[in-house]
Amino acid sequence: MSTPRLKLFVHKDNIIKLRCPNCLEKKEIPASVLKNKYKLKGRCRCGAFIEADIEYRRSYRKETNLAGYYSYDLEELERVKMLNGEIIVNLKLKNCNIINISTYGLRLKNLIPHEIKVDDVFHLIFQLSSGTVIENKIIVRNVHDDQAGCEFIDGYGTDIGLLI
Ligand SMILES: [Zn+2]
């Protein structure tokens, strides 16, 4: 069983966080145990072979234009997801665009009047151009007009790694 090659980031505490793309189990690996600093290879307990490139740059940011939907209410989000099966990209109900994504977070542009405040926590779903649907709990770090800078709460960037 093989999985796509991942790109993973070394976090502030020198930890590499990954989520097995097959079974979604989360793992934390100290960067110091890697024999080859820039590659990680291993087998998950589920049997999936995981291969990743390790990125040491602290902030990598990619400009994007992805339809997103955020909600403070997880049940509402679940309902929105179900409208079109599991896909959000064609979702007429999108309420934001993801305008960039970085290692630790993203910036969204509201498409509706909003009352987002710093330290708000909400759920966000969006779809990468590859079709992968990303769902994350995020915390708001700054707000400027219709834009909000947000940080992923758990910081496990497997799918984000696939994007960037
Ligand atoms: Zn696994």
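**View 1. G42 stands opposite I50 in β5.** The model is predicted; local features need pLDDT of at least 70, side-chain atom pairs count only at pLDDT 80 or more, and totals for chains, interfaces and linings use all residues. Residue numbers start from 1 along each chain as its sequence is written. β4 pairs with strand β5 (residues 49–55) in the antiparallel sense over 5 bridges. Strands are DSSP runs (E, at least two residues), numbered from the N terminus, and two of them pair if DSSP finds at least two bridges between them.

**View 2. An open sheet of 3 strands has the order β1-β5-β4.** Its pairing is mixed. β1 (6–9) and β4 (39–43) are the edge strands, each pairing on one side only. From one strand to the next the twist averages 35°, with axes fitted to C-alpha atoms and angles running from 0 to 180 degrees between N-to-C directions.

**View 3. The largest nonpolar core has 16 residues.** Such a core is a set of buried Ala, Val, Leu, Ile, Met, Phe, Trp, Tyr and Cys residues joined through C-beta atoms within 7 Å; a residue is buried if 20 or more other C-beta atoms lie within 10 Å of its own, with C-beta atoms placed from the backbone. I98, L108 and F126 have the most contacts inside this core. Elements giving two or more residues to this core include β6 (61–71), β7 (96–102) and β10 (133–144). Another core, of 9 residues, lies apart from it, with L8, F9, C20 and A52 among them.

**View 4. Surroundings of L108.** Not counting residues up to four places away in sequence, L108 touches G68, Y70, C96, N97, I98, I99, Q147, A148 and C150; contact requires C-beta atoms, placed from the backbone, within 7 Å.

Conventions. A residue is buried if 20 or more other C-beta atoms lie within 10 Å of its own, exposed if 12 or fewer, and partly exposed in between; C-beta atoms are placed from the backbone. Helices (H or I, at least four residues) and strands (E, at least two) are DSSP runs, numbered from the N terminus. Two residues are in contact if their C-beta atoms, placed from the backbone, lie within 7 Å.
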